[in-house]
Each structure stands twice: as structure tokens, then as C-alpha cells.
Amino acid sequence: MPIVAVPDFFLCPISLELMRDPVIISSGQTFERTNIEKWLRDGCCTCPVTRQVVDLDQDLIPNHTLRRLIQDWCLVNRSAGVERFPAATPAGSPDDVVRGLIKEIRSEEACSLSTLQKVTELARNNKASRKLLLEAGAIALLVSSLSKFGVRCPGSNNGLSPANAAVAEEILCILALICECENATQVWNLDIKQLSSIASFITKGSLDASVNAAILLARSQIPNELKRQIIGKQDLVYRLLHMIKHCSITYPRGAIAGLKLLSKLTSSHSNQIKVCEAGGLETLLELLPGASQAVAKQGIAVLQALCCCAEGRAAFCAHALSFPVTVKLISSPSNTVKELAVDILRVVLSRSTDRASARQAAVEAGAVLQLSIVAQWEGWESIRKKGKEVLVWLLPLVMKDKNCNVEYAFKLLG
């Protein structure tokens, strides 16, 4: 049997296999649907070919022309053993499909995994379908289904069987996708028992379940009592920090979800101390140098919160990377990251126990140069003011005349 060469443009750039369901993404490149869905689901936000940032709000567009060409090529070469795949069949309008799936879930005594997986694929592939699910009351229905399991912690004696754990984790995935809708928070109102159930998946669930649970909790109004309970569980804090540390490059969605939840949980002084005791500040300082802008934006917000407590400032000053990392982030293209970096220096240099050593360390890390640029910047007045405030403390350390007039120094800076 002759060997047939497959045209290069029939192959998916990710798997290098013949495409059967080619779709176009926002960069204009075509991929096999299942491959690009997995790529995006794993938190990769750039096109695998062009490295452009992918517009995640744009639905995948079926490449019908290429699909027909591949089908015709398969037909021509069937004598060489090439198998022709069937044409796609219309599935009906998204509205009809959503109504049908919601009806299935309502009619089932217990949600079946197969039905939930259909809902997941629908929500994952189509932003409009997520909105339809939200409007159809899917959140209340799915949360109610989750409650039927009496979720505590999968894998424990009082928890779920493997089959029920798989169903519960699928429900978490759908809820996390629906919560991406603009108006989802208006109907996302869970009680403390439901929130506690979701929190249990961070420690005992799979990585995807942990990430989805973190997304849902970060979107929720968490009572202070529950915040204390969550932070009080050391294994949960360690799991969050582990998720943040190990997902930042390979699974950015997981790192961002963990950081958003930590940001919400560290709003109180006692919780800031507990996260510091668990090594949270060290994890952030090791994460930030190589982080993407999206991860850095969330990470530095948590770092700023931790520096509000004395334990956090002490850990910051004791870490070799603290000042170099923070000073470097002042030059970030993100105004939010820039301002938070300046704010961290302002808090640490004004409230640390050993201010003299901290200010000297900031000077050695190059803070004066970066802050001098910020002080002259006309883009954001609040950053400029904070930058000048910190420069007042640092300029005398670098001027030959220690009794220099700081106002005059600012005139020299322009």
C-alpha cells in the first residue's frame, strides 16, 4: 500500500496530526478543536504558533472550508488506507441545547456525569452558552445538586465515593465557567455551609478541582468567620501556596485563582500573620521575578497585603530577593503593579523595625533611579506622590552632602 504524504496545512500545529474538527482562534491560526481547547484550558493565553495573546472572549470559529478540503483529500486517498471521517452534524441552536441539558439535570434524581460533561464542553467553548446557562438558573440548580452529596472532603471516610467525587468536581468546573459571566456575582450567593464544602476541594480534590474551588471562593462574599476557619487550616494554606508556586508557568489560571483567593483571605491582620507563618511571603518573592503580567498583578497585591503586618515586613527585610524584585517591578508596564511596588517600599521603609538597614538595602537595589523616574512621571499622580515620598528618605543616602536640601534635589531631577 503506497504511503501518502499529508499536506502540512492539514496537520494541527500542536499535535502534528490530521485535523478532523479544525477551528480558528483570534490570532487567525487553525488548530484541532480538542487540542487548542486543552491548551487554553491549561491556562496558556498565547497562540502556540504566533505567540500573540489570545482573545479568550472570542468563540472558536469552525474552519468549514479546511474541513471540507480535508474530507475531500481523505476521499481521494481512501485507496491508500486513509479513513474518511463523517461530516459534522448540526447540534441545534445554543439556546435549545442549553434548555435541553438543564431539563435533563432537573429530571435526573442524581446528576449523571455524562450530562454534566456535555454542559462543561458547552460552557467551555462558547461564551454565549455560559450566559444562557446563567440566565436559565444553572447556578442554583448545580449548587443544589452539589449539596445533595453532603460534600465534605473527597477521599475521606465521611466524604464522597470516587464516582460522586467525579460528579461533584464536574459541577465545580461548570460553576467556575459560569462565574466568568459579567452578571454572575448578582446570583452567586452561597451560605457558609456551601462555601465550606467548596473550600474542602482545595485540599482534597484534584488540581482542577482545587483551582475551580479557588475561583468560586474568590468570587464569593466570604464571612470573616469563614475566612478565619479557612486560613486556620494549615493544609489548605499550604495547598494554595503550592498551587500558586507550581502553576505560575504551566497553568497560569491556577496561580491567578490561588492568588485572588489569598488576596481576599488576607484582608485581616490575623490572617496576614498566618499566611506569613506558612511561608507565603517567600513563595511570592520567588514567584514574581519570572511571572507573567497577569500573575504579577495578583501576586504583588498579596505581597502588599502581607507587608501590612510586622511579621510580613520582617520576613520581607530578611529575604535576599525582596528589594531587588520590588524595585524591578516599579518599571512594570502595568500602572497597578507599579503603584503597588512603590507602596510596598513606602510601607516597609517607614514602618520596619530597622529602617536604616531597610533603606540602605533599597538604595543598593537601585530604588533611587527607579523612583526618580516615577517622581517625574506625569501619567499617574498618586504613584508620583508616593515615589517622591520614598525618595525623600533615600536621597540623603546617595548624595555626597548628607545635609542636602531635598527640595533642591527634586529640582535637579526635573
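1. Basis of the values. In this predicted model, local features need pLDDT of at least 70 and side-chain atom pairs count only at pLDDT 80 or more, whereas totals for chains, interfaces and linings use all residues. Residues are numbered from 1 along each chain as its sequence is written, and side-chain values use heavy atoms, with hydrogens and water left out.

2. Overall make-up. The protein chain contains 22 helices and 3 strands, where helices (H or I, at least four residues) and strands (E, at least two) are DSSP runs numbered from the N terminus. Of its 414 residues, 47% are buried, a class that means under 20% relative accessible area, with exposed set at over 50% and partly exposed in between (1.4 Å probe, protein chains only). Among contacts (heavy atoms within 4.5 Å) with a separation of 6 or more, 65% are between residues 24 or more positions apart.

3. The 3 strands form an open sheet in the order 2-1-3, with antiparallel pairing; two strands are taken to pair if DSSP finds at least two bridges between them. Strand 2 (30-32) and strand 3 (61-62) are at the edges and have a single partner strand each, so one side of each is left without a neighbour in the sheet. Strand 1 and strand 2 run antiparallel and are joined by 3 bridges, and Pro22 stands opposite Glu32 in strand 2.

4. Around the sheet. Helix 1 (residues 33-41) lies across strand 1, strand 2 and strand 3, and runs at about 95° to strand 2; axes are lines fitted to C-alpha atoms, for helices over the stretch in contact, and angles run from 0 to 180 degrees between N-to-C directions. Asn63, in the loop between strand 3 and helix 2, counts as buried at 14% relative accessibility. Leaving aside residues up to four places away in sequence, Asn63 touches Pro22, Val23, Ile24 and Thr30.

5. Helix 8 and helix 9. The axes of helix 8 (residues 192-204) and helix 9 (residues 207-218) come within 7 Å and cross at roughly 145°. On the helix 8 side the contact is made by Leu195, Ile198, Ala199, Phe201 and Ile202, and on the helix 9 side by Ala209, Ser210, Ala213, Ala214, Leu216 and Leu217. By class, this contact has 10 nonpolar, 1 polar and no charged residues (Ala, Val, Leu, Ile, Met, Phe, Trp, Tyr, Cys and Pro count as nonpolar, Asp, Glu, Lys and Arg as charged, and the others, Gly among them, as polar).

6. Aromatic pairs. The structure holds 3 aromatic pairs, for which rings of Phe, Tyr and Trp (its six-membered ring) must have centres within 6.5 Å, planes under 30 degrees apart counting as stacked, over 60 as edge-to-face and the rest as tilted. The ring centres of Phe10 and Trp73 are 5.9 Å apart with planes at 75°, so this pair is edge-to-face. Phe10 lies in the segment before strand 1 (22-24) and Trp73 in helix 2 (residues 64-76), so the pair ties together parts that are 63 residues apart in sequence. Phe10 counts as buried at 4% relative accessibility, as does Trp73 at 15%, and ring pairs link Phe9, Phe10 and Trp73 into a cluster.

7. Lys386. This residue lies in helix 21 (residues 381-398). Lys386 is 41 residues from Leu345 in sequence and 9.4 Å from it in space, C-alpha to C-alpha. Not counting residues up to four places away in sequence, Lys386 touches Glu339, Val342, Asp343 and Arg346.
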